[in-house]
Amino acid sequence: MADLTTNFLGIITPNPFWLASAPPTDKEYNVRRAFEAGWGGVVWKTLGMEGPPVVNVNGPRYGAIYGADRRLMGLNNIELITDRPLEVNLEEITRVKADYPDRAIIVSIMVPCEEQAWKDILPKVAATGADGIELNFGCPHGMSERGMGAAVGQVPEYIEMVTRWCKQYYDKPVIVKLTPNITDVRKPAAAAMRGGADAVSLINTINSITSVNLDSMSPEPSIDGKGSHGGYCGPAVKPIAMSMVSEIARHPETHGLPISGIGGVTTWRDAAEFMALGCGNVQVCTAAMTYGFKIVQEMISGLSQWMDEKGYESTSDFVGMAVPNVTDWQYLNLNYVAKAKISQDDCIKCGRCYAACEDTSHQAISMSADRVFEVIDAECVACNLCVDVCPVENCITMEPMKAGEVDPRTGKVVSDKYANWTTHPNNPGAVAAE
Amino acid sequence: MPDTTTTGIVAARLSGDALKLNFADLHAPLADHEAAVAADRCYFCYDAPCVTACPTSIDIPLFIRQIATGTSEAAAKTIFEQNILGGMCARVCPTETLCEEACVREAAEGKPVEIGRLQRHATDTLMAKQAHPFVRAASTGKTIAVVGAGPAGLAAAHRLAMLGSDVTVFDARKKAGGLNEFGIASYKSTNDFAAREVDWLLGIGGITIETGKALGADLSLDDLAAKYDAVFLSVGLGGVNALSVDGEDKSGVSDAVDFIADLRQASDLTSLPVGRDVVVIGGGMTAVDAAVQSKLLGARNVTIAYRRGRDRMGASKYEQDLAASKGVQLMFNLQPKAIHDGEIELAYTDGSAEVVRITADQVFKAIGQTLMTDAGLTLEGRKIAVDANGRTSRKGVWAGGDCASGGDDLTVTAVAEGRDAAMDIHASLMGGN
């Protein structure tokens, strides 16, 4: 079985699966259960400054959207940072870290954008023996109205400034957690880097309203008839998170900056995908909140099996392997031609591919009187919609055409040469390939 | 006190409580959560095979999607637009050979979407509100006679009334409903559902029911044709085929359809007599219904003897399995030779010379039913000949359901035939041909 031991910023954990700063890591009891279940590390739920703690609403904190069979696809929350006293959290962190020296405890922090506030809290956090800190520049709800969380994360200059303070007053790794509620995630990432951050973690949650109660006309979760946008997470946000991760991983200015991947990681496969896109480890929340801490066992066994199958000996072997394959549209090979192919043995004749193609795409699937569905190569643009809507896995596949074959749609011979939009004759700005 | 070992045909072999349990709903209705889970499984197929397989062409993917999105009443309306007896069909349709057999998930996993139970969920939801979902069109001024208040007649009457005509439905029995009321196993239609469904259906208005009037005896086709603008015959098959063997006249020998009707009309199941050793002759749904109910009433041994092989049996595989699971013995390629006191003698039809003798204090005949009167119409085989629109050989007279040619003798087929004949009657009366 592959060794999952992971070194992230010099912090060694038995596996790359950490719990993200969130309700599951709010207190000693939960964190001990998480470590017993096998999690490699936790990012303790965000601490605020000393004094009376924040308060939470006393009604629903979460809203959800569902897939088939009420499978939770997306969750949003309006919970704030820890609502327990700073001292209690610090004591608990100290105790748990002492008992679990082989697991990572990272302390998430959110205090006002004043140097003194950071100067005050950092020594206290350092005294717990925790392995590092994560700066919560991401929470989109509640705290951002008070000039913290996403309000900081949306201003690169603030990120750089606060990160610099942290590096100045704290000597262990500093991770900057980024908000996705911006237009270009590379800017805050670069700012964190300039401030001396050891890593970034992303994404924090996305501004969201999960549903509207059509009786009360209140957004959900509803507090006495009113709702506020909450932070969205879970499987539904994974594609957004992976895109943002990949942008940081491949941008020249931020390339090589360690990343802790967050956003809908639910299975070992999700984790491997984030890591292939450049994440040194991953953080999980919604999956644990949906199924409990035990899911880490599947993540551990699944990642190990896959690494064994691929011959990877360490998680670092495959981190970032997919990054070189993330490119801009303009560099995609326009000479690559594929056609959909329907396996008649696997087809259950539901006709969804036909409806999708006939109504909304390219009329490239034929239907016979006895419900045999076949691809019309002369019409198929290989859009993949049929593959995406087919309920049977691998029933419809995209088959690349071989060089030298004639594409019946265009009448052109398929070339084995790479040619992209930058040199395409239809591109007014094309440059001759020389 | 009699029990399952008591010889002869006696009542109360089982306690009232045991009988109540035995005759409870065969398929309990889906609770809201179960319906949500079941509805989620539908793939919303294009030109769905289940719709093609449904004799009434209910838009099944649409109604299931309507259930899934929390609008079961809209789902019910989708069903009733095609099949006004969708409630009964949800209970009695052999879905395993119709929609559910065609379901792509049957092909994919061997587990079809539970279309029948979802249909029941939707129709029960709407009917519980006692809301009749349709309103009548402006009056056409036309009057139509429907003879036979079974599924075909009720479907035709409802459609004609909805289209604005006034309909009188005659039935030979004391109660409307036809086979829905008298011919279906009790555990498929509990809580007096057939009668409640008729009441609900009549909510459309414009339909008068006259019971105790039989064609041939109390009514003549000539009179009806003279008095009404059109006549729809849905008299079913009132006669029962005879075995034509020695001993058929013995006291323990009776028609399965009467036994089933008595069961359905009984208010006290402990009053119903059944033999200790029962043999049912036949291989269709009626044979299975009679056999299973005999067993449920407390018969010790129940045997179905069918003259052909299992593959030719009219009852579906599901029905055969149901019978077997209740302890009914299925025997094939056997036909009765003679009925003796306490015993039936059967001969093999596959050429083997053996004779089988089975202890029997009760024998039910379920070898098919026949038309009671042709009313002067042309027949096709032993049924009233009709064209694709249900037109008979006589102008102004339509027919559908079991009495008419074509189609399987299923409730759902009868509904489709009644509905379609009604559309043709309407078109014809409103200036067509």
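Me: Which radius of gyration does chain B have, and why does that agree with a compact globule?
Reply: The radius is taken over C-alpha atoms, and the globule rule is 2.2 Å times the number of residues to the power 0.38. For 433 residues a compact globule would have a value near 22 Å, so chain B agrees with the rule at 22 Å.

Me: Before going on, what kind of model is this, and how is it numbered?
Reply: Residues are numbered from 1 along each chain as its sequence is written, while chains are lettered from A and ligands numbered from 1 in the order in which they are written. Local features need pLDDT of at least 70, side-chain atom pairs count only at pLDDT 80 or more, and totals for chains, interfaces and linings use all residues, since this is a predicted model.

Me: What percentage of chain B counts as buried?
Reply: A residue is buried if 20 or more other C-beta atoms, placed from the backbone, lie within 10 Å of its own, exposed if 12 or fewer, and partly exposed in between. The C-alpha atoms of chain B fill a box of roughly 65 × 55 × 45 Å along the principal axes. Of the 433 residues of chain B, the buried share is 49%.

Me: Which element gives the largest share of the side of chain B that touches chain A?
Reply: Contact requires C-beta atoms, placed from the backbone, within 7 Å; by that criterion 10 residues of chain B meet 12 residues of chain A. Helices (H or I, at least four residues) and strands (E, at least two) are DSSP runs numbered from the N terminus, and α2 (32-40) and α8 (104-109) of chain B each give two or more residues to this side. The largest share, 3 residues, comes from α8(B).

Me: Which helix supplies the largest share of the side of domain 1 of chain B that touches domain 3 of chain B?
Reply: Domain bounds come from an automatic or database domain assignment, which gives domain 1 (16-23 + 241-368), domain 2 (32-127) and domain 3 (143-238 + 371-429) in chain B. The C-alpha centres of domains 1 and 3 of chain B lie 29 Å apart, and the contact takes 9 residues from domain 1 and 7 residues from domain 3. The largest share of the domain 1 side, 5 residues, comes from α14(B).

Me: What is the strand order of the open sheet of 5 strands in chain B?
Reply: Strands pair if DSSP finds at least two bridges between them. The edge strands, each pairing on one side only, are β3 (207-211) and β17 (397-399) of chain B. With parallel pairing, the order in chain B is β3-β2-β1-β4-β17.

Me: At about what angle does helix α17 of chain B run to β4(B)?
Reply: Axes are lines fitted to C-alpha atoms, for helices over the stretch in contact, and angles run from 0 to 180 degrees between N-to-C directions. Helix α17 (residues 411-429) of chain B lies across β1, β4 and β17 of chain B, and its angle to β4(B) is about 170 degrees.

Me: In chain A, what is the order of the 8 strands that close into a barrel?
Reply: Among the parallel pairs in chain A, β7 (residues 104-109) and β8 (residues 132-136) share 4 bridges. The barrel, with parallel pairing, has the chain A order β3-β4-β7-β8-β9-β10-β15-β16.

Methods
Two residues are in contact if their C-beta atoms, placed from the backbone, lie within 7 Å.
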